Amino acid sequence: VQYDVKQMRPAHYNMNITDYHFDVVSELFQRASKENGCDAEAMMDAAIVVAKVRADVTTGCVVRMELAKKKNAQDGMDQLFQRLGGLDGVMAMIDRLYECAERDKRINMFFEGAKLQTIKRQQTDYIIATLGGPADYRGRTLEEIHAVLQMNDYHLDCFMQNMARALRDVGAEQDAVDEATVVLEQLRKQILFHHYKNSSH
């Protein structure tokens, strides 16, 4: 198979690959090479080659997220909420999100139990309010809610993937998906506060 280097950037443009993801893959590549007995010098050469494509792999996500930030700052959150379909559209997205999350073996352990419907209602209010809608959220803080869940960046990345998929499944345009992603991504430090604290992140 001939891999066209010129297609590297467009091929990864819509994949939402950040430096964090790139570093994880690079680390796994190094670990797999070592476990398979690859020559140390060859591994170093391979790492240099991989590092050279970082910008091509991650630029799409960086550019799209920056454009989304500017759009949100310029036009305000109300426009985003309306472009996501208003209250009906966002609630449909959340229903679809829960369908995806409950089937996703990477994170479905966080979406089960007797209190699931209560959690869903509270999360629905929070997401609607966060995306510029009329909900009045009066529940616990994100730090309190996620204190005992043992979530990390990997789990949140999986959740965000499902969120983006749910938005697309209910008809949101890609630029609106990007803008919603930017808004929700800003909650990462609150959601993972205790994870970062315990791991001295």
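**Figure 1. Where H6 meets H9.** On the H6 side, Met 93, Arg 96, Leu 97, Cys 100 and Ala 101 touch Phe 159, Asn 162, Met 163, Arg 165, Ala 166, Leu 167 and Asp 169 of H9, contact meaning heavy atoms within 4.5 Å. Sorted by class, this contact holds 8 nonpolar, 1 polar and 3 charged residues; Ala, Val, Leu, Ile, Met, Phe, Trp, Tyr, Cys and Pro go down as nonpolar, Asp, Glu, Lys and Arg as charged, and the others, Gly among them, as polar. The model is a predicted one, so local features need pLDDT of at least 70 and side-chain atom pairs count only at pLDDT 80 or more, while totals for chains, interfaces and linings use all residues. Residues are numbered from 1 along each chain as its sequence is written, and side-chain values use heavy atoms, with hydrogens and water left out.

**Figure 2. How H6 lies against H9.** Helix H6 (residues 86-103) packs on H9 at an angle of about 130°, their axes 8 Å apart. That angle is why H6 counts as oblique to H9. For reference, under 35 degrees is roughly parallel, over 145 roughly antiparallel, 65 to 115 roughly perpendicular, and the rest oblique. Axes here are lines fitted to C-alpha atoms, for helices over the stretch in contact, and angles run from 0 to 180 degrees between N-to-C directions.

Figure 3. From H9, Met 160, Met 163, Ala 164, Leu 167 and Arg 168 reach Gln 174, Val 177, Ala 180, Thr 181, Leu 184 and Glu 185 of H10. The tally for the contact is 7 nonpolar, 2 polar and 2 charged residues.

**Figure 4. The H2 and H4 crossing.** Here the axes come within 9 Å, crossing at roughly 145°, and H2 passes H4 in a right-handed fashion. Asp 19, Phe 22 and Asp 23 of H2 make the contact with Arg 54, Val 57 and Thr 58 of H4. Charged residues number 3 in this contact, alongside 2 nonpolar and 1 polar.

**Figure 5. Inside the largest pocket.** About 1,000 Å³ of space lies in here. A pocket is an open set of points on a 1 Å grid over the protein atoms alone, where a 1.4 Å probe fits, with protein on both sides within 12 Å along at least five of seven lines; lining residues have an atom within 4 Å of a point. Of the 37 lining residues, Asn 16, Ile 17, Thr 18, His 21 and Cys 61 are the closest to the centre. H2 (19-35), H3 (40-52), H4 (54-75), H9 (153-169) and H10 (174-185) each put in at least two residues, with H2 giving the most, 9. The lining splits into 20 nonpolar, 8 polar and 9 charged residues.

**Figure 6. The second largest pocket.** This one holds about 720 Å³ of space, a volume being the space filled by probe spheres set on grid points joined across faces, edges and corners. Its lining has 30 residues, and Ile 119, Gln 123, Ile 145, His 146 and Leu 149 are the closest to its centre. H7 (116-130), H8 (142-145) and H9 each supply at least two; H7 has the largest share, 6 residues. Helices are DSSP runs of H or I, at least four residues, numbered from the N terminus.

Note on methods: A crossing is left-handed if the near helix is turned anticlockwise from the far one by less than a right angle, and right-handed if clockwise.
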